[in-house]
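Here is a short briefing to read with the model open beside you.

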Amino acid sequence: MPRVLSCIQPTGVVHLGNYLGALRTWVSGQHECDAFHGIVDLHALTVTDRPGVLGASTLELAATLFAVGLDPDVATVFVQSHVPEHSQLGWVMECTVSHGELSRMTQFKDKSAKREADFISAGLFTYPALQAADILLYDADEVPVGEDQRQHIEITRDIAMRFNGRFGKTFVVPKIITPRAGAKVTDLQEPTAKMSKSAAGDSGIVYLLDEPSAIIKKFKRAVTDSDGEVRFDRTEKPGISNLLEILAACTGRTPEQTATAYTQYGPLKADTGEAVVDVLTPIQHRYRELMGDQAELSRLLRVGADKARSVASATLARAYSNIGLLPPN
Ligand code: TYM
């Protein structure tokens, strides 16, 4: 059974891109693999400086992960800061990646550019090293993510191979897994930019907890183009292609197949909005139920952290030992 690991940051409300690009794959894969899924609160610290915010959003995200269908009896769902091995291996990873490699990360360039007038933490720069630790601690064979994480998985593979070359076979070199449709959901108002929690406005982002009427409205107002032809072409027709890809992801078809059913933009927008509402409504009900019992959510996260630690501590010990650090006694 392959081991799978993937994580999500507790920054802001989960959106449709997170769901179609990652969470849905986590849920569909949980029975065929040994699944570990982390809520990476320490990663969120790279862009959070207000006290008392992360704990609440971590619990809300836990409810969201169970609401979308992760089964705590099958998948291990844990909070990163509950498993101290992440920080410990994170440092080792920082010493295994070069400054030059980190400088080439497009996410760092994008995020630091957006925060131009803001505090840019060193953690934002070294972020991929901690992400490599998240993955390598679990001997993950596969990492199911959206397309935007490709560079981070590639650098993780480079780090793993470099470490194994220096200190002997220690880490599994993981593979990226992206969904057939939905790997890059774009902003409905700016269809060349990915749908992102850090976007300037909300009107192009569909949140998992949006009211059905708000979702329908956002799709109705989606930016398209003026040539009037329904065709899947990401370069020439980014708005229409995004709608086709979202509808395809919600209905289990390909964007190209989906396109053949439409000759006009209006019905495509309406059907996509409705398909998204159909997918999200049951998730919203389960989310509300789960948030009604926060003690149970905390219990599930405790169980998840215990399971995660039992794997992570063995990998960390192996890494320390292969490096040849002096054991405590
Ligand atoms: P994060 O929290 O930004 O996003 C969580 C997951 O959602 C995917 N995603 C998208 N997929 C399709 N379209 C979009 N518009 C879209 N926006 C986000 C992301 O690809 C991701 O899979 N660095 C990671 C978190 C992380 C991680 C890890 C992931 C930390 N450690 C270890 C995998 C393994 C991040 O910021 O994801």
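Rings of Phe, Tyr and Trp (its six-membered ring) count as a pair if their centres lie within 6.5 Å. F36, F78 and Y138 form one aromatic cluster. Please keep in mind that this is a predicted model. In it, the count comes to 5 aromatic pairs.

**The F108–F125 pair**
- F108 and F125 make an edge-to-face pair, with 5.0 Å from centre to centre and 75° between the planes.
- F108 belongs to helix α6 (residues 106–114) and F125 to helix α7 (residues 122–136), so this pair ties together parts that are 17 residues apart in sequence.
- Both F108 and F125 are buried.

**The F163–F167 pair**
- The ring centres of F163 and F167 are 4.8 Å apart and their planes are at 55°, so the pair is tilted; planes over 60 degrees apart would count as edge-to-face.
- F163 and F167 sit 4 residues apart in helix α8 (residues 150–167), so about one helical turn separates them.
- F163 counts as buried because its relative accessibility is 0%.
- F167 has a relative accessible area of 29%, so F167 is partly exposed.

**A look at T58**
- You will find T58 in helix α3 (residues 54–68).
- With a relative accessible area of 8%, T58 is buried.
- Leaving aside residues up to four places away in sequence, T58 touches P10, I39, D41 and V79.

Notes: Residues are numbered from 1 along each chain as its sequence is written. This is a predicted model: local features need pLDDT of at least 70, side-chain atom pairs count only at pLDDT 80 or more; totals for chains, interfaces and linings use all residues. Side-chain values use heavy atoms; hydrogens and water are left out. Rings of Phe, Tyr and Trp (its six-membered ring) pair if their centres lie within 6.5 Å; planes under 30 degrees apart count as stacked, over 60 as edge-to-face and the rest as tilted. Helices (H or I, at least four residues) and strands (E, at least two) are DSSP runs, numbered from the N terminus. Buried means under 20% relative accessible area, exposed over 50%, partly exposed in between (1.4 Å probe, protein chains only). Contact means heavy atoms within 4.5 Å.
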